[in-house]
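Please keep the sequence and the structure in view while reading.

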Amino acid sequence: MNGSGSIKDDLIVAGAPLPRLAAAEPLDGRKVRLTWVSGEPTIVDLAPVLASRRIYIPLREDDALFRSMRVAEWGNAIEWGGDLELSAVWLSRLPPVVFDNEDFRRAMDHLGMTLEGMAAALEVSRRLVADYRKNKPVPRHIGLAVRYLLEHHGAPERGDAVRV
């Protein structure tokens, strides 16, 4: 600093900013609607997360406790009483519950997959892939499998043009 600057002049930014939450709303079945500071809404399913650790047993068993969630002061987590929390960074990496036909088409285009190629990768029929491209509801397990393919075949980072 040259004496006339401020501490802000020396702020160093490295990489993408950390995700921050603006709101969190509990939904049925341990699902949560998250609203990020950017305004982007996402619905995620916390049931597998809560089932994976003993510390979360109270959240699995007590509906009132689960529904008492709140966003932490700095937007860096959702929290409950009893020192239970899930970080915004971790939550941002959860797959959204919804995986629709448009997401399926964008994923196929990004991967450069033909109907036959996607059918082989997912071990389903070509006809089923064609139906998912059109209007047949995409089952959760197929959506997760497609996200896995994207993740392991150079999927764009969060915020890039293709986000599924």
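**Questions and answers on the chain**

Q: What kind of model is this, and what pLDDT do local features need?
A: Residues are numbered from 1 along each chain as its sequence is written, and side-chain values use heavy atoms, with hydrogens and water left out. This is a predicted model in which totals for chains, interfaces and linings use all residues, side-chain atom pairs count only at pLDDT 80 or more, and local features need a pLDDT of at least 70.

Q: What pLDDT does the chain average?
A: The term pLDDT denotes the predictor's confidence in each residue, from 0 to 100. Of the residues, 85% score at least 70. The average over the chain is a pLDDT of 85.

Q: What percentage of the residues of the chain count as buried?
A: A residue is buried under 20% relative accessible area, exposed over 50%, and partly exposed in between (1.4 Å probe, protein chains only). The chain has 164 residues, and the share that count as buried is 34%.

Q: Which are the edge strands of the open sheet of three strands?
A: The open sheet has the order 1-2-3, with antiparallel pairing. Each edge strand pairs on one side only, and two strands pair if DSSP finds at least two bridges between them. The edge strands are strand 1 (21-26) and strand 3 (41-45).

Q: Which residue of strand 2 stands opposite L21?
A: Strand 1 and strand 2 (residues 31-36) pair in the antiparallel sense over five bridges. In strand 2, the residue opposite L21 is W36.

Q: With which side chain does T42 form a polar contact of 3.4 Å?
A: T42 lies in strand 3 and is buried, with a relative accessible area of 9%. A polar contact is a pair of N or O atoms within 3.5 Å; within protein, one must be able to donate a hydrogen and the other to accept it, and residues adjacent in sequence count only if both atoms are side-chain atoms. The side chain joined to that of T42 is that of W36.

Q: Which residue takes a positive phi in the hairpin of strand 5 and strand 6?
A: Strand 5 (residues 77-80) runs antiparallel to strand 6, and four bridges join them. Within this pairing, I78 stands opposite L86. The hairpin has three residues between the strands, and the one with a positive phi near 80 degrees is G82.

Q: Within what arc do the buried residues of helix 5 fall?
A: The buried residues of helix 5 are N101, D103, F104, A107, M108 and L111. The arc is that of the directions from the helix axis to the C-beta atoms. Seen down the axis, these residues line one face of the helix, because they fall within an arc of 160 degrees.

Q: Which helices do the buried residues of helix 6 pack against?
A: In helix 6 (residues 115-122), L115, M118, A119 and L122 are buried. They line one face of the helix, because they fall within an arc of 100 degrees seen down its axis. They pack against helix 5 (101-111), helix 7 (126-134) and helix 8 (140-151).

Q: Which residues is V129 in contact with, leaving aside its neighbours within four places in sequence?
A: V129 is found in helix 7 and counts as buried because its relative accessibility is 0%. The C-alpha atoms of V129 and M108, 21 residues apart along the chain, are separated by 9.8 Å. The residues in contact with V129 are F104, M108, L115, M118, A119 and V124.

Methods:
Helix = DSSP H or I, 4+ residues; strand = E, 2+ residues; numbered from the N terminus. Contact = heavy atoms within 4.5 Å.
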